[in-house]
Amino acid sequence: MVRRLMLLVAAAACLVMVCGCTGPKSGAMSHAATGPPPAAGPAPNPADGPPLPAGQEGGWQLAFSDEFDGTSLDMSRWQDHSSAEPDEGRGNLGNQQLEWNQAANCQVSVGALVMTAKRQSVTSSAGNRYGWTSCLITTARSYTFQYGYLEERAVLPAPRGFWPAFWTWQARGVEQHTETDVYEFYSDNHDRLYVTQYSGAQGRCDWRPSFDPSRDWHVYGVAIRPTGTTWYVDGVEICRTEATSDAQTSIISNLAVYSKIPPDGATSEATKRVDYVRAWKATS
């Protein structure tokens, strides 16, 4: 999510990667919203045992999860600011982000976290002015890891001008840039997802989904192992690279507002809905 100019320029730079994401484009998609997405679904039944990552039959032990089945964000698991955002942990104008992140924009309802970006003015203590507020959550206070499997089930925003992501960021005390992007989505183009390993040798894929990520729930995951990084959507592998994490990281999920292609003037808000966030550690 940070240093996104690298991602946009890197298409010509041929970063080290092995990628199964070059399939044909599936055709033009309508980006108009068709009403609210279906319900997020029930929480796992404890009698069934801990859930596994989508498409995996074993080899992983659940280490962290939030099913968002309460009535408010669990602040024992999450905090609403991150060292990835240099302006008080809540804003990053220098990274083409228009939003100021705050817990008020992170609402839990009907089994899902609803991240809402709103056209709302905020001035930081440093005097930086933001035209939007939004939601960012991180496990920096509760869960860090180097290797593992991350997964988020989400519906992404439809209107243009938004930049939702699910990613990792270096833990406190780690000096080098250590980041894995499970996905990034620029909502002006519903035909593309970006997955990136910024650590080590680096690697990435630009993936063309056969669906519109704003229309329904889909599962976005990544396996980060000492031998490399593999990305999955709905349990199907979409990209692989030998690059991997260098150090301890925390989990971040957020909804940014993209200054390079901003929302239309008539757009006052947009949402990203999250059914769950889960993390596993390898057992083999």
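Are cysteine 205 and cysteine 239 buried or exposed? Both of them are buried. Keep in mind that this is a predicted model.

**Disulfides**
- The count comes to two disulfides, taking a pair of cysteine sulfur atoms within 2.5 Å as the rule.
- One of them ties cysteine 205 to cysteine 239, with the sulfur atoms 2.1 Å apart.
- That link is right-handed, with 75 degrees about the S-S bond.
- It connects distant parts of the chain: cysteine 205 sits in strand 11 (residues 203-207) and cysteine 239 in strand 14 (residues 236-241), 34 residues apart.
- Cysteine 106 and cysteine 135 are also joined by a disulfide, S to S 2.1 Å.
- Here the torsion about the S-S bond is about 115 degrees, so the disulfide of cysteine 106 and cysteine 135 is right-handed.
- This pair, too, links distant parts of the chain, 29 residues apart: cysteine 106 belongs to strand 3 (residues 106-109), while cysteine 135 lies in the loop between strand 5 and strand 6 (136-138).
- Cysteine 106 and cysteine 135 are both buried.

**Strand pairing around strand 5**
- Strand 5 (residues 129-134) runs parallel to strand 2 (residues 99-101), and three bridges pair them.
- Strand 4 (residues 112-123) pairs with strand 5 in the antiparallel sense, over four bridges.
- Tryptophan 132 of strand 5 turns up in both pairings: it's the bridge partner of glutamate 99, and arginine 119 stands opposite tryptophan 132.

**The hairpin**
- Strand 4 and strand 5 make a hairpin, with five residues between them.
- In the turn, glycine 127 has a positive phi of about 90 degrees.

Methods: Residues are numbered from 1 along each chain as its sequence is written. This is a predicted model: local features need pLDDT of at least 70, side-chain atom pairs count only at pLDDT 80 or more; totals for chains, interfaces and linings use all residues. Side-chain values use heavy atoms; hydrogens and water are left out. Two strands pair if DSSP finds at least two bridges between them. Helices (H or I, at least four residues) and strands (E, at least two) are DSSP runs, numbered from the N terminus. Buried means under 20% relative accessible area, exposed over 50%, partly exposed in between (1.4 Å probe, protein chains only).
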